Amino acid sequence: MSDETIRLATIGRIIRRRGRLLTVLAVVGALVGYGASLLFPPHYTTSASVLLPGAWEERELVTQAEIAGSSVVVDRAAATLGWKDVGNSELRDRVTAATADGNIIEISGTAETPERAQRLADQVAQQFVAFAARISGDSDAEAAAGPEALRQMVVQTSRRITELADAADPGQTVESVQTRTELAKLRTALHEAVNKLEEAGPAADKAHMVVMGPAARPTGEAPPTRVQLIVAGALLFFLLAVVGHLAAARMSRRLRTEPEIAAALGSELLGSVDVPGEQPAGRPEDSSRRARIRRLLGLDVRWDLPSPQTSGDETGRQIRYRRVCARLRDQLAAPGRLLVVVPDGDETALRAAGRLAAEAESDLPPSSSSGGPLLRVVEVAVDRPMVPDRDDESGALVVLSAGSWTAGELAGIAEACADAEHEVVGIVLADTAWARPTRSAGRRDAATAALAGGGARGGSG
């Protein structure tokens, strides 16, 4: 898993094998989102539009939007509204202004109720228009009187030029002709200046802003709503759980696949067996309760391992043990004893090794002179592996669970077997198969007994 690319099949396996845990975490996340919605009361947002007539540049519109959301305008609106439960600084955070297409500034207000949000947006828009009119009103008289006085001056100057041109010598000398020509050019320049001044006149209308109707009363909460917080909490916890599983699997160095385990031990896989799952005996009350919780959440099943091929029932389980014993007999050149090495702490492998030894002993043909292998089970500590010296054993068989040991730990066990002059003749993987509910088994046994009884009665008849 640490070297593989994360695929959708991996995520699907997490969801299948950790479905109950992911569901519980999603419910917890939804409850956290609900709690967050209680801490943050619902808010409502609406907007009022202000139209700016005339030709405006982009930077000028941005400046007007900044003015609309400034503390001067918002403080004036707060003084008019007179809300005692909301301070001016908090009210500034609830007001935003932005430019829109068509020389329009959108002023948005957020409050606890739709009515308050509507009043806030309308009042800020009105105060903005009034503030802009007040700024431009100080220079309106001078701005209106200046162009008019200039026009009067241009008219008087044009008349004086005409009088000077008429009084000059009517073309008798070169100097008089040049003077009349210069005066004509001067009169033309003055007229062009007056025309440009008249064309620039509509720019004075920029200050006359208009509020485009009252703000609409909001009908729904502003995001994030309570439903959004609940869904976001559930989704966040779900994703964190999936990412946590992937991160744990990527950081783990334990071998999970059969080729990796066989390569680490330097031998071949003879087969895989399973043991029925059972509750540990002699454990305290809290340990058994903890085990029940793990089974309830599905934590007792490894998600990062390939899907085990369980036997299904006791008959199938016995067949698989016998097949492993038959492969062992084929591996040995001569019948003898084998040392079954089990890593210390691997309870599943220890139970499988014990049953494998019992199965090998019971599988001996009574009339055969050669017989089959006799197995002796020993546990070996993985931190300091020590295997008993070779006595009359003809090799070692390693029984372990997949996904429990690293390559270094398995290589240490293989080296310990080599030091004790034991050749690793094969590997057996053990897994836990949890039995079905007892009620279903009882029904199946009762049905079998009923069929057997019916067959007996039919035969006697």
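Trainee: Is Val-24 buried, partly exposed or exposed?
Mentor: Val-24 has 38% relative accessibility, so the residue counts as partly exposed. Buried means under 20% relative accessible area, exposed over 50%, and partly exposed in between, with a 1.4 Å probe and protein chains only. Keep in mind that this is a predicted model, where local features need pLDDT of at least 70, side-chain atom pairs count only at pLDDT 80 or more, and totals for chains, interfaces and linings use all residues. Residues are numbered from 1 along each chain as its sequence is written, and side-chain values use heavy atoms, leaving out hydrogens and water.

Trainee: Where is Val-24 placed?
Mentor: In helix α2, residues 19-39. Helices (H or I, at least four residues) and strands (E, at least two) are DSSP runs, numbered from the N terminus.

Trainee: And which residues make the nonpolar surface patch?
Mentor: Val-24, Val-28 and Val-32 make a patch of about 210 Å². Patches are made of residues with over 30% relative accessible area and no salt bridge; like charges are joined within 9 Å, nonpolar side chains (Val, Leu, Ile, Met, Phe, Trp, Tyr) within 5 Å.

Trainee: How many helices and strands are in the whole protein?
Mentor: There are 15 helices and nine strands. The protein has 461 residues, and 34% of them count as buried.

Trainee: New topic. How many salt bridges are there?
Mentor: The structure holds 12. A salt bridge is a side-chain nitrogen of Lys or Arg within 4 Å of a carboxyl oxygen of Asp or Glu.

Trainee: Why do such side chains pair?
Mentor: Side chains of opposite charge can pair when their charged atoms come close.

Trainee: What does Asp-274 meet in a salt bridge?
Mentor: Asp-274 meets Arg-317, at 2.7 Å from N to O. That pair links distant parts of the chain, with Asp-274 in strand β5 (residues 269-276) and Arg-317 in helix α12 (residues 314-331), 43 residues apart. Asp-274 also has a salt bridge with Arg-320, whose closest N and O atoms are 3.2 Å apart. Arg-320 lies in helix α12 too, so this pair ties together parts that are 46 residues apart in sequence.

Trainee: Are Arg-320 and Asp-274 buried or exposed?
Mentor: Both are buried. Asp-274 is at 1% relative accessibility, and Arg-317 is buried as well, at 8%.

Trainee: Which residues are linked in a network of salt bridges?
Mentor: Asp-85, Glu-90, Arg-94, Glu-112 and Arg-116. Within it, Arg-116 pairs with Glu-112, the closest N and O atoms being 3.8 Å apart. Glu-112 is partly exposed, at 29% relative accessibility.

Trainee: Back to helices. How do α10 and α14 cross?
Mentor: The axes of α10 (residues 258-265) and α14 (residues 407-419) come within 8 Å and cross at roughly 40 degrees. That makes α10 oblique to α14. Axes are lines fitted to C-alpha atoms, for helices over the stretch in contact, and angles run from 0 to 180 degrees between N-to-C directions. Under 35 degrees counts as roughly parallel, over 145 as roughly antiparallel, 65 to 115 as roughly perpendicular, and the rest as oblique.

Trainee: Which residues meet there?
Mentor: Ile-261, Ala-264 and Leu-265 in α10 meet Ala-407, Leu-410, Ala-411 and Ala-414 in α14. Contact here means heavy atoms within 4.5 Å.

Conventions. Accessible areas come from the Shrake-Rupley method with a 1.4 Å probe; for residues, only the protein chains shown count as cover.
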